[in-house]
Amino acid sequence: MKAAVVTFPGSNGDYDLYKAAQQVGFETDFVWHRERGLDDYDLVLLPGGFSYGDYLRAGAIARMSPIMEDVVAFASKGGPVLGICNGFQTLCESGLLPGALVRNDVLRFQGMDVRIRVERTDLAFTSGYEEGQVLRIPIAHGEGNFEADKDTLERLEGEGRVVFRYVDRHGNPTDEANPNGSWHNIAGITNEAGNVLGMMPHPERATESILGSDDGLSLFSSLAASVPALST
Amino acid sequence: MSTAEGTVTEDSLPPRAGDPLITPEVVADHGLSPDEYERVRSVMGREPTFTELGVFSAMWSEHCGYKNSKRLLRLLPTEAPWVIQGPGENAGVIDVGDGYALAFKIESHNHPSAVEPYQGAATGVGGILRDIFTMGARPVAVLDSLRFGDLDSGRVRYLFSGVVSGVGDYGNCVGIPNIGGEVAFDRGYEGNPIVNAMCLGLMKREELITASASGVGNTLMAVGARTGRDGIHGATFASEELSEDSDESSRPQVQVGDPFTEKLLLEASLELIASGVITGIQDMGAAGITSSASEMAGRAGTGVELEMASVPVREEGMTPYEILLSESQERMLVVAEKGREGEVRRILEKWELEAAEIGRVTDDGRFRILENGVTVADIPALPLTEGCPTYEREGVESEDIKAWRAMDLSEHLIPEGDLTKSFLLLLGSPNVASKRWIYQQYDTTVRTSTAVRPGGDAGVIRIRGTKRAIAATTDCNGRFVYLEPRTGAMIAAAEAARNLVCVGALPTAITNNLNFGNPEKPYIYYQLREAVLGLASACEAFETPVTGGNVSLYNETDGRAIYPTPVIGMVGVIEDVATITRQAFQHEGDDIVLLGANTDEIGGSEYLYVTADLVAGPPPAVDLGAERALQQSVLKMIRERLLSSAHDCSEGGLACALAEAALGDGERPLGVSVSLDDDLRPVACLFGEAQGRIVVSCPPDKTADVLRIASLHEVPARKIGSVAGPDDGFDIRLRAASISAPLDAMAKAYFDSIADLMDSPSTGA
């Protein structure tokens, strides 16, 4: 059971993701963006950070790295791909996920714990959660405001592809609970096939109680439980 | 260039075409006094060239040469068995157990931040990160210690928000969590904001590398970003007072940061060090190539020869003078073992960075600069790095400050009765209020090791793979230092130590940042000397040696100096992460115990500033022995797992400390019911800033043990009340006064006040 953490110049969440994957039993490698080939892996992880300094637009240059062709190929074969924060931005830029992540509406970087509600539990990423479960997870981003055109949003909602939503402690998706202005309080979405997940919050930073929360651990253990079945 | 006698001696260098003649005005523009220039001539044995003058100007500036502070700094204790590297290197290093070493240092970027707050602050963070990873340590945490004028000024809000964005964007991008720090607002910092950044880095003991140019024949390589015309003479600029027009005219002396390149440079440097192909590495920080090359030679007792034409530059036509003094960011000087330059280049290429061979280590002790093979500077390295004239000046206390200290404050101690209004005012004062608006702009959780985030007494980073953790804090109340420098400096160290023990850490070592005005003024020199003496005695008492730091003088605008502000960055070791303690009350029904004694003091307090617009009176008394006993007793209570929470009393006094413990991070505030029978005037008891106090809470069945340990250490202690429920209020009763406030009103005052001032200011300048 092998996981690849794809690193770009400027990635800084690569190590955290590596440790989280290891923690649930994945044999994990860093794959540098100029390398090629993901065929040996069962799971591909795109970390947070500031690939290429977020110059031009978050994720816009990273998506042109050689390895991204392999990520697209891996995903099209049904392999699970998880992009967190800058990884989510890169997935949107590469077209694996719809929509875009623009500047937070407060026009400031937002680093804090938020609450997100699990909207779907039939995915390889979320099978360990209860539907409607509220998780406490850190965010740390300046451009996490999810936007899409009206049709795309309707499709995302209609097809149940919103996986996580910002909510208050009672589980309600209020404006106050929305840290960046994302439409429909969207914190994470999946593709049609359900094998590509992008999310702004950092589950890999909520994997031990000493860090303030271990609510993110189930995401990785869900993958550890589902991935063997996917690859056979 | 001709000598004073008009003849050319054997040693003299021919003038470089296009360089200005050296006149007394040119010398003065370089920040050197006539006497200092004479010293340059005697070191050289001839007239210096223009390039050489520039080199001396930078190396003998206050910023690089510590000419006004060096003699005083020798008074600070620097040794302990756990100190691996004391002052003199890029950063201090201590042993933190289990084979790990901690590199840590604080540095100022006050002058650049006053002129261009965003870049000034950002490059401050960049510089301190490089000081850490050039020791071989991976940066694991950043703290920032900031001071501004009052937020009702539009200019101050501009500086404040620019500095916070700059600190945040740089650290966030590189991926180093911010774990704490401090921010103060006082008109004493109106013209000169203080921007100090501290970094902590971890390594295995054997990974330590130093910045010396050893191995004659080895190759000097410039690594990272190219050299441009930015920041030329930044070190000299940082050693001058500012004036009203510094804004525009000095902006070219401020460097521009690129955190993306920094992140690549960080990874490349750590890989270089691990590979063993280099013998030394140093940041090209203040005074750029000049200081890095000459200091590396000075430390190793070798010489260096550098070819300016080989330095990768951003623009054509740069003179040796400009290349030597550029402070372009994200550059390193490394010493590669002869024959392994290709390996250095390969590592840099992987990280998409440049490495160029620019010179070699020599055995002649000279700092020699060539331009296309022609010598343009040739200076003995040791006098350049070590021979900077140092001064011991006359220090006399200011009569004005004496008068402020002696002011009769008794009328301010009169109020009695319901003091809830004053309490809420104080709680919402930016100096007391939650600094959430700031640290929410920082990434505090990247690297998944932050155990205590900003907002507590101290930040805590665990050491993966061990049970250990490191705690760190920065502290200084400049008002206290202003009113009585020696006491104020002791208080700064005492508060830092209290903050560390409150999270369960043993205070271990200090890095300090001495931010002062112009030392050539006797009253400023008095402040500097007194503060250093106070700090020295606190370091002795707490067994916390100083392993390095930074001195920032000339913090004055139009002749007005900042409060003397010796910022203490203190680190401590937690042996077992399971004992980490936090400031927030945890359980309804716990007892609240006050360790230490309330006093009748109100001098220098936030209460006086908020209610009477006064910075006056004597600072609170500090007893270093009592502080030490308090620290030890709290650590013992925490190690015996008796406490639910611990929180230091500082700005805003006991009432605000209780409020902070009640509100926590705002997730689940708990009520408080406290009664105080002190025979003191209520204002002093509630809002005075008496030292040596810590508020702890514990389950009622542990209270007897808590009191027993306190008494064992001869620390005054008593139960003052209990933690109430989330639906109860906050109540403090005294004999002649009371506070009674609902938690939601307190939360509003405490958490929203800075955001409200920043987002919808009522006044503007």
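This is a predicted model: local features need pLDDT of at least 70, side-chain atom pairs count only at pLDDT 80 or more; totals for chains, interfaces and linings use all residues.
In which order do the strands of the open sheet of eight strands in chain B stand?

View 1. Residues are numbered from 1 along each chain as its sequence is written, and chains are lettered from A and ligands numbered from 1 in the order in which they are written. Chain A holds five helices and eleven strands, where helices (H or I, at least four residues) and strands (E, at least two) are DSSP runs numbered from the N terminus. The C-alpha trace of chain A spans about 45 × 35 × 35 Å along its principal axes. Its radius of gyration is 16 Å, which agrees with the value near 17 Å that a compact globule of 232 residues would have; the radius is taken over C-alpha atoms, and the globule rule is 2.2 Å times the number of residues to the power 0.38. Of these 232 residues, 58% are buried, a residue being buried if 20 or more other C-beta atoms, placed from the backbone, lie within 10 Å of its own.

**View 2. Overall build of chain B.** Chain B contains 27 helices and 29 strands, and its C-alpha atoms fill a box of roughly 85 × 55 × 45 Å, taken along the principal axes. For 765 residues a compact globule would have a radius of gyration near 27 Å, and the 26 Å of chain B agrees with this. Buried residues make up 62% of chain B.

**View 3. The side of chain B that touches chain A.** Here 23 residues of chain B are in contact with 23 residues of chain A, two residues being in contact if their C-beta atoms, placed from the backbone, lie within 7 Å. Helix 8 (154-174), helix 11 (259-275) and strand 15 (450-452) of chain B each supply at least two residues of this side.

**View 4. The open sheet of eight strands in chain B.** The strand order is 14-29-28-25-27-23-26-24, with mixed pairing, where two strands pair if DSSP finds at least two bridges between them. Strand 14 (417-418) and strand 24 (645-648) of chain B stand at the edges with a single partner strand each, so one side of each is left without a neighbour in the sheet. Strand 23 (residues 591-595) and strand 26 (residues 694-698) of chain B run antiparallel and are joined by five bridges, and B:Val593 stands opposite B:Val696 in strand 26. Helix 17 (residues 420-427) of chain B lies across strand 14 and strand 29 (737-741), running at about 60° to strand 29; axes are lines fitted to C-alpha atoms, for helices over the stretch in contact, and angles run from 0 to 180 degrees between N-to-C directions.

**View 5. The open sheet of seven strands in chain B.** This sheet has the order 8-10-7-11-9-12-13 with mixed pairing, and its edge strands, strand 8 (278-283) and strand 13 (374-380) of chain B, each pair on one side only. The twist averages 25° from one strand to the next. Strand 12 (residues 366-371) and strand 13 of chain B pair in the antiparallel sense over six bridges, and B:Leu370 has B:Thr375 in strand 13 as its bridge partner.

Definitions and conventions: A residue is buried if 20 or more other C-beta atoms lie within 10 Å of its own, exposed if 12 or fewer, and partly exposed in between; C-beta atoms are placed from the backbone.
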